[in-house]
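Hi everyone, thanks for making time this morning. Let me put the structure up and then walk you through it.

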Amino acid sequence: MSSADLSLQHSVHRLYEDHHGWLCGWLRKRLGCVDHAADLAQDTFIRVLTQRKNLELREPRAYLSSIARSLMIDSFRRRVLEQAYLQTLAAIPEPVAVSPETRELIIETLMAIDRLLDGLGERTREIFLLAQLDGLSYVEIGRRLQVSVNTVKKHAVRALTHCLLLIED
Amino acid sequence: MANPHPLDHATLEAAARWYVDLRDEASDAAVCAAHQRWLEHDPRHRQAWERLARLQDKIGQINPAIGRSTLTSARARRRDVLKVLSILLVAGGAGTLAWNTTALPTLMADQRTATGERRRVRLDDGTQLQLNTATAVDVRYSERLREVRLLRGEIQIETARDPHARPFIVHTAEGSIRALGTRFVVRSEAGRSEVSVQEHAVEVRMSNLSGPVVRVDAGQQLGFRQDSIETLQPANPQADAWTRDMLVADDWRLGDFIAQLQRYRSGHLGCDPAVAALRISGAFHLGNTDTVLDNLTSTLPVRIRRFSRYWVSVEPV
């Protein structure tokens with residue numbers, strides 16, 4: 001372990017001692033659930049450790065709460081997505097057995113796709129899903145949405161480019 | 001591998017355009033050849049194309065029908081919740097996130113309970129209103145009327161004597177129930193309302209105003225839809241057991257029991273058809289439905305399978 005790593009660990013430790021209790025309270029007020037708050041507080045500090053930033057912070061609580069807030073939104077998204085997935089499974093006539101491991105993977109992938117599609121307009125997103133997930137041809141999509149094939153292709157290019165910009169090599 | 005040339009917007013857009021052109025029905029051998037030349041022209045082109053392939057791989061892992069429905073409904077739920085959150089934030093109101101998402105009108109209701117929650121509310125005139133699990137109501141008291149609109153779920157009303165003698169009316173999507181100095185339970189679900197009367201009487205009128213006004217006396221219950229009224233039945237004596245946090249079954253099918261229990265839980269609670277016809281009797285505490293489920297295994301030949309907190313099923317041993 002390098003000395004930089006040691007000093008990082010040290011400062012995270014300080015941060016933890018000084019603000020962990022406060023952060024738990026902050027999260028509990030917003031989540032209304034003690035366990036969930038404790039989990040997210042833990043995740044917040046893990047994130048701090050992995051970001052390996054300089055931790056000489058002037059506003060440590062503002063920094064921690066901004067990380068916690070983004071984790072809260074993530075966990076909210078995940079929860080909503082998981083519920084939507086389970087309801088979809090429950091609604092299909094042929095029951096499918098999905099192991100917990102497979103389910104985790106599927107939900108992770110859906111989360112990733114869901115995030116990629118954030119920030120796209122409603123129509124662009126719809127065209128992307130019709131083409132990529134439903135596998136419809138551009139002609140068929142144009143017919144369904146009452147727009148020209150060129151318009152469909154324009155939206156498809158926009159959506160793909162958007163996704164490609166977000167994916168890392 | 002570290003990359004000295006990060007891919008720029010133009011290169012990625014070109015890759016996307018090639019993909020769309022190649023996928024187009026009108027594409028032909030000439031397009032393929034031109035694409036090949038584009039790939040060979042610059043290593044970054046190939047790199048962008050590989051990134052596109054990875055995106056396609058990811059999407060290919062998803063079952064189209066399931067993925068599509070999941071993504072669409074997750075988005076719709078999120079939108080509803082975010083709208084409500086922004087209303088709450090603007091109003092400076094309670095900051096707790098509503099994890100159990102429901103439709104927007106419900107969340108804006110005057111009183112509501114989450115799945116598994118029950119609550120007692122005292123209205124201005126002293127009337128007692130109890131909300132069962134996953135319930136939403138609007139309350140409107142005016143000079144002439146006391147009105148409660150049941151948006152979804154189940155309530156019990158115990159009316160107080162009103163000094164101004166204003167009528168007390170519960171509206172559901174299917175019709176309205178006028179209290180005649182009473183205690184009664186109303187439930188509205190899937191296009192059907194049901195009222196069961198514990199004290200005195202109520203009058204029921206369908207929402208399209210056709211048909212008769214039906215009087216329901218203590219000890220009776222009545223189901224009705226927008227355009228039809230069923231016949232009067234003897235009330236289930238345990239229709240209001242939930243107001244005491246109990247679920248009381250008297251020789252019920254296990255399948256029906258599980259369906260009732262599901263109302264108090266988030267996520268999926270299923271019952272295997274092989275055990276759905278087993279019979280069950282008893283009084284069960286709604287405070288902890290997991291305990292209720294676990295206790296089933298000691299009296300019935302069933303086991304509880306838990307895939308997660310949100311996915312539980314009752315199966316044969």
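Let's start with chain A: what share of its contacts with a separation of 6 or more is accounted for by residues 24 or more positions apart? The answer is 59%, where two residues are in contact if their C-beta atoms, placed from the backbone, lie within 7 Å.

Some housekeeping before I go on. This is a predicted model, in which local features need pLDDT of at least 70 and side-chain atom pairs count only at pLDDT 80 or more, while totals for chains, interfaces and linings use all residues. Residues are numbered from 1 along each chain as its sequence is written, and chains are lettered from A and ligands numbered from 1 in the order in which they are written.

How confident is the predictor here, on average, in chain A? The mean pLDDT is 84, and 90% of the residues reach 70 or more; pLDDT is the predictor's confidence in each residue, from 0 to 100.

Now to where the chains meet. The contact takes 41 residues from chain A and 43 residues from chain B. On the chain B side, α1 (9-23), α3 (43-60), α4 (64-91) and β15 (302-308) each supply at least two residues, and α4(B) gives the most, with eleven. By class, that side has 19 nonpolar, 14 polar and ten charged residues. Here Ala, Val, Leu, Ile, Met, Phe, Trp, Tyr, Cys and Pro count as nonpolar, Asp, Glu, Lys and Arg as charged, and the others, Gly among them, as polar.

Next, the cores. A nonpolar core is a set of buried Ala, Val, Leu, Ile, Met, Phe, Trp, Tyr and Cys residues joined through C-beta atoms within 7 Å. The largest one has 53 residues, and those with the most contacts inside it include Leu160(A), Leu164(A), Ala15(B) and Ala16(B). Helix α7(A), residues 149-166, brings the largest share, seven residues. Look at Leu164(A): leaving out residues up to four places away in sequence, it touches Leu12(B), Ala15(B), Ala16(B), Ala48(B), Arg51(B), Leu52(B) and Leu55(B).

Finally, some strands in chain B. Two strands pair if DSSP finds at least two bridges between them. β7(B), residues 175-189, and β8(B), residues 192-206, pair antiparallel over 13 bridges, with Arg183(B) opposite Glu199(B). Their hairpin has two residues between the strands, and Ala190(B) takes a positive phi near 50 degrees. β8(B) also pairs antiparallel with β10(B), residues 220-224, over four bridges, and Glu194(B) stands opposite Gly223(B) there.

One last stop: an open sheet of three strands in chain B runs in the order β13-β16-β15, with mixed pairing. Six bridges join β15(B) to β16(B), and these strands run antiparallel, with Ile304(B) standing opposite Val314(B).

Thanks, and I'm happy to take questions.

Technical notes: A residue is buried if 20 or more other C-beta atoms lie within 10 Å of its own, exposed if 12 or fewer, and partly exposed in between; C-beta atoms are placed from the backbone.
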